Amino acid sequence: MRYVDEFRDGELAQKLAREIETLVEPGREVKIMEVCGGHTHAIYKHGVEHLVPTEVDFVHGPGCPVCVIPMGRVDDAIALAERPDVVFATFGDMMRVPGGRGSLLEAKARDADVRMVYSPLDALELARQNPDREVVFFAIGFETTAPATALTLLRARAEGVRNFSAFCNHVTIGPPLRAILDSPGLRLDAFIAPGHVSTVIGTRPYEFIVDEYDKPVVVTAFEPLDILQAVVMLLRQLREGRCEVENQYTRVVRRDGNPRALEALEETMELRDTFEWRGLGWIGHSALKLRPEFADWDAEARFELPGDRVEDPKACQCGEVLIGAIKPWECRVFGTACTPERPIGTCMVSSEGACAAYYNYGRLARPRDTVPA
Amino acid sequence: MTLAHGSGGKATRALVESLFLEELGNPLLEPLGDSALLELNGSRVAFTTDSYVVKPIVFPGGDIGELAVNGTVNDLAVSGAKPVALSAGFLVEEGFEIAELRRLAASMARAAKAAGVAVATGDTKVVERGKADGLYVNTAGIGLVPTGLELGGERVRPGDRVLLSGTLGDHGMAVMIARGELALEVELESDTAPVHELAASLLELGDAVRWLRDPTRGGLATALNELAEDARLAVALEEAALPLRPEVVGACEILGIDPLYVANEGKLVAVVAPEASEEALERLRGHELGADAAIVGEIRADPEGLVLLDTAFGGSRIVDMLVGDPLPRIC
């Protein structure tokens, strides 16, 4: 298929793999964090790990929007969904994420009106079709999905749709990266920065990684050839002693991002003082809420929410997986108590979560990996 | 119950094993094949049933009536049986158009004629408005299994080849798109068709044919995972060899769905001894329903119980059983 096959060409992959061979020092491990869950998914789905020498170690970062939503917020979502006057609209990935009181899928089975949508605009359409119900959209995601929520809010206001609101859980990519870089004992050599987020925010927001932490960054697209090319670019920077933010995804990403999307965000949302991240804890200025001017469309302002904080399950090591401190299979419940059918931690829920990607696609061990039976 | 229990994947299997087998278990049910195999007065009879709740009931390439006949015919065919007769049960919602029911019955009749079976008995129930989503159909079927024919996971050996009779995922994607919720414009038809002639043609190869299945709910991935588990062997698929329509690839790519998990309603997957695999492929390709048939993989001794995929990109990964309904990704 055009626009897909050319990015999955096996021969080109072999060429890049050979180039990577020449760029690594035998025996010296290079730890590369792919920040985004989309990259994690692509790495496992296409078997990219099997193409690179064992010296290249992919560390799976926190960029899965479903994985970082804390359990308390899922419980808030369920409380909204269980109100008899509410139609609760959510992306499919969020349906199975467990909170303290089960998942939205289970709430749906108990009669809550939960609908799966592909876009916040679909939720707005639901509001138009159900004028006597309150339609609440579960807004999640990084700056990738936040502009779509912003545009939907602007449209709801312009059209005077009053029975639509957003339960805003949008997060930002910069602060958790800083939190990871500040975590003690962490050893990372380089970053594959997310592609789709960068179409919105541009490449500037990563410059602190280069300036303050001295780690090379390549903003990268999501096809397997893109990822291999990014590895080549990062290894070249390391070998040549350079440290820059490079852009592999030039077919879409500009340094200043997408000004119109950023304007829509600026108009509708502002930074929260702090927000809880699953596994990472509270991170200052790391999430967005609706501006007071949009209080009429803000589910947090319009409905009473439990707002309880729920501790992550003790056995779950999602936090350590999310900062790359351990591999998915090194978690004490991976594949035993925690599986895609019965996830304990969110990394096991979304197909872009590191644990689910590894469980679903990757359980073929590379030579030096030790995987418990 | 959640919808995942009906998806045909892991949750369905868990429900069947932990609840139905516990309560209803008996030697006829326990193999959990596509059909039960009975010995009646010296004849070997395959017996199967399936319910159809597809929405919308008329979709590009078919309707619930045709689907209900073909689905049950196929369950018999992949058990090695020659289909003989079907039953049809109709659960109809109050207010359903009689003319529509007639059209669907006529469609069933055409499908039954094409498959050489009779709808020999039936039942009608009407439920209140708001129940049954218009129309649900159940069919059961019986067929005759030739003496001496044995098919099953236990007969599969390392080195055997995996054959697929045509393109993957056409039915599931056609129905998903026909629901009109996705704002995708794709011209794609369901593959609903009876595969009994394909099966019969392969079975002429005798012992070389080890195992047959029609990969419906849960798709090829789920059918092969069940095989890997039953046979305690590995199934290795070659991604580049999988026949796929560009429309299906494109829609799956956009929705973040893997066509390996999408339902087929007119396809056959066969495990055949290596020396007979080319002949088997020719037989499939010689039939109009098998024009796109391909050898898509092989059986290996290990890793036991797993399905692997050698990617077109040059890597490899495992293909697990379906967990819940495929949920579209968000970004």
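1. Domain bounds here come from an automatic or database domain assignment. With that in hand, start with chain B. The model is predicted. For chain B the assignment gives two stretches: domain 1 covers 33–145, and domain 2 covers 153–318.

2. Next, how the domains of chain B sit against each other. Taken over C-alpha atoms, the centres of domain 1 and domain 2 of chain B are separated by 23 Å. Domain 1 of chain B brings 21 residues to the contact. Domain 2 of chain B brings 22 residues.

3. Which elements give two or more residues to the side of domain 1 of chain B that touches domain 2 of chain B? They are α2 (64–77) and α3 (98–115) of chain B. The largest share comes from α2(B), with 8 residues. By class, this side of domain 1 of chain B divides into 11 nonpolar, 6 polar and 4 charged residues.

4. Now chain B as a whole. Chain B has 8 helices and 14 strands. Along the principal axes, the C-alpha atoms of chain B fill a box of roughly 60 × 55 × 40 Å.

5. Two further figures describe chain B. Of its 331 residues, 49% are buried. Take the contacts in chain B between residues at least 6 apart in sequence: 83% of them join residues at least 24 apart.

6. Chain A has 14 helices and 13 strands. For 373 residues, a compact globule would have a radius of gyration near 21 Å; the value for chain A is 21 Å, which agrees. The C-alpha atoms of chain A fill a box of roughly 65 × 45 × 45 Å, taken along the principal axes.

7. Burial and contact range follow for chain A. Of its 373 residues, 54% count as buried. Among contacts in chain A between residues at least 6 apart in sequence, those joining residues at least 24 apart make up 77%.

8. The domain assignment of chain A gives three domains. Domain 1 is written as 24–66 + 184–247. Domain 2 is written as 71–171 + 287–302. Domain 3 is 318–359.

9. Look at domain 1 and domain 3 of chain A. Their C-alpha centres lie 20 Å apart. The contact takes 14 residues from domain 1 of chain A and 13 residues from domain 3 of chain A. On the domain 1 side, α2 (37–45) and β2 (56–63) of chain A each give two or more residues. The largest share, 5 residues, comes from α2(A). This side of domain 1 of chain A has 8 nonpolar and 6 polar residues, and no charged residues.

10. Helix α2(A) also packs on helix α14 (residues 354–361) of chain A. How are the two helices placed? Their axes are 9 Å apart, at an angle of about 10°. Angles under 35 degrees count as roughly parallel. Therefore α2(A) and α14(A) are roughly parallel to each other.

11. The residues at this helix pair can be named. From α2(A) come Thr40(A), His41(A), Tyr44(A) and Lys45(A). They meet Ala354(A), Ala357(A), Tyr358(A) and Tyr361(A) in α14(A). By class, the contact has 5 nonpolar, 2 polar and 1 charged residues.

12. One residue of chain A is worth a stop. Gly72(A) is in helix α3 (residues 71–81) of chain A. Is Gly72(A) buried or partly exposed? A residue needs 20 or more other C-beta atoms within 10 Å to be buried. Gly72(A) has 19 C-beta neighbours inside 10 Å, so Gly72(A) counts as partly exposed.

13. In sequence, Gly72(A) and Asp308(A) are 236 residues apart. In space, they are 5.6 Å apart, C-alpha to C-alpha. Leaving out residues up to four places away in sequence, Gly72(A) touches Asp308(A), Arg309(A) and Val310(A).

14. Last, the contact between the chains. Here 26 residues of chain B are in contact with 37 residues of chain A. On the chain B side, α1 (10–24), α7 (246–255) and β14 (316–318) each supply at least two residues. The largest share of that side, 4 residues, comes from α7(B). Its residues divide into 14 nonpolar, 7 polar and 5 charged.

Technical notes
Residues are numbered from 1 along each chain as its sequence is written. Chains are lettered from A and ligands numbered from 1 in the order in which they are written. This is a predicted model: local features need pLDDT of at least 70, side-chain atom pairs count only at pLDDT 80 or more; totals for chains, interfaces and linings use all residues. Two residues are in contact if their C-beta atoms, placed from the backbone, lie within 7 Å. Ala, Val, Leu, Ile, Met, Phe, Trp, Tyr, Cys and Pro count as nonpolar, Asp, Glu, Lys and Arg as charged, and the others, Gly among them, as polar. Axes are lines fitted to C-alpha atoms, for helices over the stretch in contact, and angles run from 0 to 180 degrees between N-to-C directions. Angles under 35 degrees count as roughly parallel, over 145 as roughly antiparallel, 65 to 115 as roughly perpendicular and the rest as oblique. The radius of gyration is taken over C-alpha atoms; the globule rule is 2.2 Å times the number of residues to the power 0.38. A residue is buried if 20 or more other C-beta atoms lie within 10 Å of its own, exposed if 12 or fewer, and partly exposed in between; C-beta atoms are placed from the backbone.
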